[in-house]
Amino acid sequence: MTYSIHRRQLAKRQPMKYTLAITALFLIESSLAAQTFVDVTANSKLTGMAGGSVAWIDFNQDGHEDLNVSNQVWINNGDSTFRKLADTGLAGSAVWADINNDGYPDAMCWTGKGYLFLNQQGTALTNISDNLPDLPTTVSLAATMGDFNGDGLVDLYVGGYEGPGYLTDVMYFNQGASVFKEVWRTKGTTMPARGITTADYDEDGDLDIYVSNYRLVPNTLWNNDGKGKFTQVEKTAKVDGDGGLGAWGHTIGSSWGDIDNDGHLDLFVGNFSHPPAYQDRAKFLRNLGKDGAYVFDDRTANAGLAWQESFASPTLGDYDNDGLLDLYFTTVYGGDHCVLYKNANDFQFKDVTQASGITADTTYQAAWGDYDNDGDLDLVTKGRLYQNNTPKKNFVQVKLVGTGLIDKMAFGAQVRITVADRVYTRQVSSSTGQGNQNSSILHFGLGDYAGSLKAQVSWLGGKQTTRTLKLNHLNTIHPQ
């Protein structure tokens, strides 16, 4: 509907009500125009989109971001509408990675015994679950993928939750030919995992894992030796006095991102917490980098994050293209509401939810992706697609494509762009929050900056690549 069409219709059919009606339409359209985000679910033909975990993926590699929600796959038509892929066969929510390095993302569902699906060049999915040993856990809420042993093939880490009792986590290495083998699992049943996310937080060229544990159990930071051998280091990498990077909270999901643009990946720990004071609230943890031995500084006290009991799944993204990563954080209790926090610099955040146009509650679903290729990040949450209508600012997007001993989707690779005294840093990851997945296209807001740009890419394994970037475009970078 447009203002001009309705003006003509109202003037012809109901002239006595013309002035009041046009005034009302003008106020509505002005209000929508002032909103940062507009719900375009219906206009995008996404009616019926599920509310489970969401992943942004380019399923058919046509340059348009598609969606996986629960067992649904929605194909982006390239005209701001989607169509539903029939008969996906998916068992539930999935984590996506290119397990055979053919250029198309494949799916692993953590439901039940675990399921594996091979992408048939963007046309369909084939169930190859016989290539994956049955999970040793009956209930899992999330998984993550990445090349953990440095052989150029993505591996799989699945968290075990509870049902009954706490269940084990398990690691599978990719043996080639899309076959996976269990290589280790957590000992005992002491860590009820929920969200799982990865980052090379210590910048040594391999992919580390952070597990968000529930029930006031300390969260787990697995440090990788580069060959897939992991050591728990949450105590040595902790914030002084914290007890283990967000311990003593019911952590549902966490997110890595360079919140202060110093070139190091920081950690937001998304704690659900009941009213007693001894339970940790959500935490902003600043990575002190090499000079600080990669330990973390708790910057929560002055961040401005208001408490809600049922905070759940976070995701970081620069929605307003000012160069600073903002935070969207879901809730799951009635009466609480999901929030959008604008990064105001120096680990200080402002609640902009009311003005944003986003209205959501009781959901674990949250992920960022630029579905309309207009240079800003759009959001899926609670079964709705919110189109970003932020006033245009400069940006640059980077797609990393691995070759050789770097997996095709380049999970764990980091891109740094230096502008004045800021080092904008983004990483490719298969997971954020609890079971969600942001687009693998790296997005950098640049505000009004229009000068030259160079990207320094740190690939897993230690290889470095420097490339000149084209402003306000998608730039594809290979390691060679």
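For a chain of 480 residues, a compact globule would have a radius of gyration near 23 Å. The protein has 22 Å, which agrees. The model is a predicted one. Along its principal axes, the C-alpha trace spans about 75 × 50 × 50 Å. The secondary structure consists of three helices and 35 strands.

Buried residues account for 59% of the 480 residues. Of the contacts with a separation of 6 or more, 53% come from residues 24 or more positions apart. The protein exposes about 18,700 Å². Carbon and sulfur atoms supply 51% of that area.

Charge was considered for the protein as a whole and then pair by pair. The protein carries 38 positive and 54 negative charges. Side chains of opposite charge can pair when their charged atoms come close. A search of the whole structure finds 12 salt bridges. Several of them are described here.

Glu182 pairs with Arg185 in a salt bridge. The closest N and O atoms of this pair are 2.7 Å apart. Glu182 has a relative accessible area of 26%, so it is partly exposed. Arg185 is also partly exposed, because its relative accessible area is 40%.

A second salt bridge joins the side chains of Glu203 and Arg416, at 3.8 Å from N to O. This pair links distant parts of the chain, 213 residues apart. Glu203 sits in the loop between β14 (193–199) and β15 (208–213). Arg416 belongs to strand β30 (residues 414–419). Glu203 counts as partly exposed because its relative accessibility is 30%. Arg416 has a relative accessible area of 13% and is therefore buried.

Lys342 and Asp322 form another salt bridge, with their closest N and O atoms 2.9 Å apart. Here too, distant parts of the chain are linked, and the two residues are 20 residues apart. Lys342 lies in strand β24 (residues 339–343). Asp322 lies in the loop between β22 (311–317) and β23 (326–331). Lys342 is partly exposed, with a relative accessible area of 25%. Asp322 is at 16% relative accessibility, so it counts as buried. The cut-off for burial is under 20%.

Salt bridges also form a network. Asp260, Asp262 and Arg286 are linked in this way.

Most residues other than glycine have a negative phi, and most peptide bonds are trans. Asn261 has a positive phi of about 55 degrees, although it is not a glycine. Asn261 is placed in the loop between β18 (250–257) and β19 (266–272). Its relative accessibility is 3%, so Asn261 counts as buried.

Lys45 has a positive phi as well, near 65 degrees, and is likewise a residue other than glycine. Lys45 is in the loop between β1 (37–39) and β2 (54–57). At 56% relative accessibility, Lys45 counts as exposed. Thus Asn261 is buried, whereas Lys45 is exposed.

The peptide bond between Gly163 and Pro164 is cis. Its omega is about -15 degrees. Pro164 is found in the loop between β11 (155–158) and β12 (170–174).

Leu132 is located in the loop between β9 (125–127) and β10 (143–146). Leu132 counts as buried because its relative accessibility is 3%. Leu132 and Ser178 are 46 residues apart in sequence. In space, their C-alpha atoms are 8.8 Å apart.

Key
Residues are numbered from 1 along each chain as its sequence is written. This is a predicted model: local features need pLDDT of at least 70, side-chain atom pairs count only at pLDDT 80 or more; totals for chains, interfaces and linings use all residues. Side-chain values use heavy atoms; hydrogens and water are left out. A salt bridge is a side-chain nitrogen of Lys or Arg within 4 Å of a carboxyl oxygen of Asp or Glu. Buried means under 20% relative accessible area, exposed over 50%, partly exposed in between (1.4 Å probe, protein chains only). Helices (H or I, at least four residues) and strands (E, at least two) are DSSP runs, numbered from the N terminus. The radius of gyration is taken over C-alpha atoms; the globule rule is 2.2 Å times the number of residues to the power 0.38. Contact means heavy atoms within 4.5 Å. Accessible areas come from the Shrake-Rupley method with a 1.4 Å probe; for residues, only the protein chains shown count as cover. Lys and Arg count as positive and Asp and Glu as negative; His and the chain ends are not counted. The place of a charge is taken as NZ of Lys, CZ of Arg, CG of Asp or CD of Glu.
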